[in-house]
Amino acid sequence: RSSNNHSNLLSNGATTNNNNISRAEITPPPRRRNQKRVHPLEEENGNLREQVRVLQARLDSALQHIDGITATVESKDREMLHIRIERDKLKEEIGRLREKIAELEVQKVNLTYNDLRPSGALDGFVKQFTFFPDFECNDAFLDLINYTDGCLPGEGICENMVRYRAVTTQQRREYQDGTAPPISTNEPSDSTTPANNDAGTGLESIIAEADEEDATTPAKRRGRKRKIHWKTEWLVYCFYARCNISMKRISALFGIGSTLVHDIVYAWANVLCITLEKFFPTPTRSQMLRAYPKSVLKKFGHANIFMLLDATEIVAEVASMKTVNAILYSAYKHNSTMKWLAGCCPIGSMWPKSIGTGHGGSISDPIATAVSGILTWIPFGMAVEVDKGFLIENDCALLGIISIRPMKMMNGQQQQSKEDAALTQKVGKTRIVIEQCNGQMKQSTDFFNSKIQIKQIGLADRIFHSSFLLQNFKLPFIQERGDDAPKTNRPCTAEIRWYGATDDGLIDVRPYVELWGLEREIEHWHELRNLEANKNLSDTTISEQVLQEDWPSKLKLLHEEKIQSDSS
C-alpha cells in the first residue's frame, strides 16, 4: 500500500507540475562508453610521423628549387659561352678596324674637291655643298673664274691667289676707299659695246698684270707650294658660306689648320666679288630691251622699268657697346640687324652696282638708297620700282628717273582710290621677282641663317655681294610662261641678260620704240626710219642706232645743268 501511495503521489505531482518541469530534466543521462587508453609511446610516434611528413614536403620543395637553379645556371653557362665567343669575334674585328684606322692615318685621307666627282664621297650631294646643281656646272664655273682657257697651265687667277694674311692693312684700306690702282683701265663703255662682248671683259688685263709682276718678282716671293689644291679651297669656302659649317670643323674635315681656313674664306670672298664684277657689268638699255618680260608690258604698258629695288635685313649679334648696338638695332625687326639694298632687272639678273654696302639696321630705306648711290646707275628717263617705305621721289627727280611706288594711305583714310589700288596691285605682282631673289640668296647661303658676328661684318658684306651675283647662274623669274613652254635646257639669267639668249615669256621690244623711247629718241628714230639710206634696215637695227647714241646721258647733262641754274 505504501508503494502504491508513493506512485500515486508521483503521478499526481507530475500532473500537478507539468507546466514547470520538462522531459529533458527528468530524462536520465546516457551511459558513457568505456574509452581505450592510448600508450604514451604511440602518441609520440604519431607526432614524429607528422614531423617527418612536414620535413619531407620541405625537402621536396628544396629539391625542386635546386633543380630550377641548376637549370638556370646551365642556361647562364651557355649564355656566357656565347658571349665569350662573341667577345673573341669582336676583339678580332676591333683589331682589324684599328689596323684600318692606322692605314688611313698614314694615308691622311681628308675631304678634297675630287670627292664631288662621280663615285666620290660627296657624289650626289653637289647641290647641297656648292652653289651649283651638279659637278659639271661647278667645274665649268671654276674654270671660268680661273680663266683656265685664256692662260698657261698654272697661271690662272685662282691658282695664284694671294693669301688674305699676306695683304697689308694699308692695301685693304686703299681697296675699301677706292684709292687702290684699278685692276683694268681699258674696260669698254656700255654704249659702244656689243651685247655678246661686253660681259666678262677685263680678265686679260688681270692676267697681264700678274705676268708682269711675276717677271719682276723674285721666285722666292711666290712661297712654298700650297697645302691643298685651289679647287679644294673653293670647296672649303662653300662649306663655310653655303653650309654654315664652323672653321674648326672645316679644318678637321679637310686636315688643315683653322688659320688656313680663315685665309681661304676671306680670300675667296674677295676674289669672287672682283671676278664676278667682270662678268656682270651694268646692263645696257639694249641688253635690257632685247629680253623684256611680257607680263610687265601688259601691266604697265611700257618697257622703261630698269630696276626692282628692295631692302633685306639679316639678324646680327648684339654688340656690347651701346653706340654700336644703337647703330645695329632695327625698329622694324626689333633686333640687331645688318641691312643691304639689292636691285635686279625685271627677270632677276643682278650686277655689282645694283647691290649696296651693308649698314646697321637703324638706317632707313631712303637714307640707305641715297648713301648707296644705286639710283645713279639707272639711265635718265627710266624707272625704278620700290616698296611703300622707299620715299625717294625727290632723289629720283634730281636724277631724272621715275619712282614707281605704291601710295601709302593717309591719316584717317579707310580705303584707297581706284587708281592707287590698281597701282598697288601692279607693283605687288611685278615686285615678286626681287623678293624671290632675296629669298633664294638666303636659301642658298646658310651663312645668313645664323647671327652675323660683330667681328665678321666685313666678311658678311663680301659674302652677301658674291652670293647675290651667283644667283645669275640660276633660271630667270618669268611670269606667265606658257603651259607648253620647255622646262629643261633653259638658259640661265646671265645668258639671257648679257649673252643674247631668250626664253618663253620674253619679247624683244627694240623694234617698238614707243614702248621704251624718250621723246627725243622717238623723234630721232622716225627720222632715221624715213631716210632713203635706211630703207632696207630693220626696225631693230634702227633702234640699235638710236640706243648707241646714248640719249639718256645727253639729256641727263642738260637736266643737271638746268637744276644747277635753277638753284643758283
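Reader: Which residues lie nearest the centre of the second largest pocket?
Author: F131, F132, P133, F473 and K474, out of 17 lining residues. A pocket here is an open set of points on a 1 Å grid over the protein atoms alone where a 1.4 Å probe fits, with protein on both sides within 12 Å along at least five of seven lines, and lining residues have an atom within 4 Å of a point. This is a predicted model, where local features need pLDDT of at least 70 and side-chain atom pairs 80 or more, while totals for chains, interfaces and linings use all residues. Numbering starts from 1 along each chain, and side-chain values use heavy atoms, without hydrogens or water.

Reader: Ok, and which element gives the most to that lining?
Author: α5, with 4 residues. Helices are DSSP runs (H or I, at least four residues), numbered from the N terminus.

Reader: Switching to aromatics: how many pairs?
Author: The structure holds 19. Rings of Phe, Tyr and Trp (its six-membered ring) pair if their centres lie within 6.5 Å; planes under 30 degrees apart are stacked, over 60 edge-to-face, the rest tilted. F141 and W234 are 5.4 Å apart with planes at 50°, so that pair is tilted.

Reader: Where do those two sit in the chain?
Author: F141 is in helix α5 and W234 in helix α8, 93 residues apart.

Reader: Buried or exposed?
Author: F141 and W234 are both buried, meaning under 20% relative accessible area (1.4 Å probe, protein chains only).

Note on methods: Buried < 20%, exposed > 50% of the residue type's maximum accessible area, 1.4 Å probe, protein only.
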